[in-house]
Structure formats: C-alpha cells, structure tokens
Amino acid sequence: MAPKSGTCAGAPFPSECKTAAQAAPFINASFKTYGITSNGEAAAIVSLIALESADFKYNTNHFPGRPGQGTRNMQMPAFNLEYAKSIPALKGGLAKAETDVKAVLALLTANGEYDFGSAAWFMKNKCSDKVRKGLKAGTTDAWKAYITECVGTTVTEERQAGWERAAKAFGVPGH
C-alpha cells in the first residue's frame, strides 16, 4: 500500500517518519475510534495518507510549506483546529495554541494516535453518507467521489494507483 514505508533511512525529516509497522497500530486504532468498519473505507483512508505523507515520511506540509497544514492526510489548518477541538485530551494545550496554526499542528503530530487519526476523523465528520456508502461497496467510482467530493482534490494516476494497491491489500472485491 505504501511501497516506500519499510524504512525511515534517508527520510528528509527523520522525526516525522514512521514505518508501516509503526503506523499500523495508530491507523487501526483510528478505524476503531471513528467507526471505520468497511475495507473500502479503510483502503480509501490508507491510500490517501500514504500518498499525502509520501509513504508516512511526512506529517507537516513542507512543499510548498503551507503553515499549519499537516497530519498524515495533510489536512488544512481549519480542519486541524476542528479535529483538535474534538479530542478531550488536547483541551488544555489547545487553550494556549488555538490561534497559532503551527502550534495546533504540533499538538496533533506529537501523538501518533492523533497524527494518524485525522483521516478517519475527517471521513467520519466531513464525508457524506452517500460517499461512505459507496466506499463500503468498494467501487472505484465511490473512491473517486471520496477524492473529489469529500477530500476536495483531483483524481490522478498516482492517487488511483495507491487506491488500487490499498483496495487489493484490504481485499476489496474487484481489486
């Protein structure tokens, strides 16, 4: 699913890098926390975070370097703030950091559960029931709707290849 995630050797920002083995428990926990129960939804999330984090090498946007953008799905700062507000354990730190997008991101990326949990949180809270229902069926058209209607970006060959790898790994029918 994330072909270059076997090692962090040579990672440009070593403190941000996680291997697939290190990431898996956090990803699995996020599925439980946010009610991601279908293989199609799981494959969509993992394909997104694998691409956006360059196979788990990054949790902060360095290119072009948009301040406050990050977590493993490279979530925009406004979503990071909303996500952080949903985590009771961050209440104290968030009171001090709320107006500083970099500080909010630092709160989230300091904890693997929160860092890797953002994509599942986003799916649960920002994706329509129609998109989620389609992903549960595991169709490529539903994945395309997830990318365009929910995530708000374009379908590319690189994204689709990641979806196909993840769908196959998760045993999504037809892949």
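Predicted model: local features only at pLDDT ≥ 70, side-chain atom pairs only at ≥ 80, totals over all residues.
## The whole protein

Residues are numbered from 1 along each chain as its sequence is written, and side-chain values use heavy atoms, with hydrogens and water left out.

## Fold and size

You'll find nine helices and zero strands in the protein. Helices (H or I, at least four residues) and strands (E, at least two) are DSSP runs, numbered from the N terminus. The C-alpha trace spans about 50 × 40 × 30 Å along its principal axes.

Of the 175 residues, 46% are buried. Buried means under 20% relative accessible area, exposed means over 50%, and partly exposed is in between (1.4 Å probe, protein chains only). Among contacts with a separation of 6 or more, 60% are between residues 24 or more positions apart; a contact means heavy atoms within 4.5 Å.

## One side of helix α3

Helix α3 covers residues 77-85, and its buried residues are Pro77, Asn80, Tyr83 and Ala84. They cover an arc of only 115° around the axis, so they sit on the same side of α3. The arc is that of the directions from the helix axis to the C-beta atoms. As a rule, an α-helix has 3.6 residues a turn, so residues three or four places apart point the same way. The buried residues of α3 pack against α1 (20-34), α4 (91-97), α5 (101-109) and α6 (112-126).

Serine 118 lies in helix α6 and is buried, with a relative accessible area of 0%. Leaving aside neighbours within four places in sequence, serine 118 is in contact with Thr71, Arg72, Asn73, Gln75 and Tyr83. Serine 118 and glutamine 75 are 43 residues apart along the chain, with their C-alpha atoms separated by 7.6 Å.

Now for arginine 132, which is in helix α7 (residues 129-137). At 13% relative accessibility, arginine 132 counts as buried. Not counting residues up to four places away in sequence, arginine 132 touches Tyr34, Gly35, Ile36, Glu41, Met123, Lys124 and Cys127.

## The loop between α2 and α3

Which peptide bond is cis? The one from phenylalanine 63 to proline 64, with omega near 15°. Proline 64 lies in the loop between α2 (39-52) and α3.

Aspartate 55 is in the loop between α2 and α3, and has a positive phi of about 60° although it is not a glycine. At 10% relative accessibility, aspartate 55 counts as buried. Threonine 71 lies in the loop between α2 and α3 and has a positive phi of about 75°, although it is not a glycine. Threonine 71 is buried, with a relative accessible area of 0%, and is one of the contacts of serine 118.
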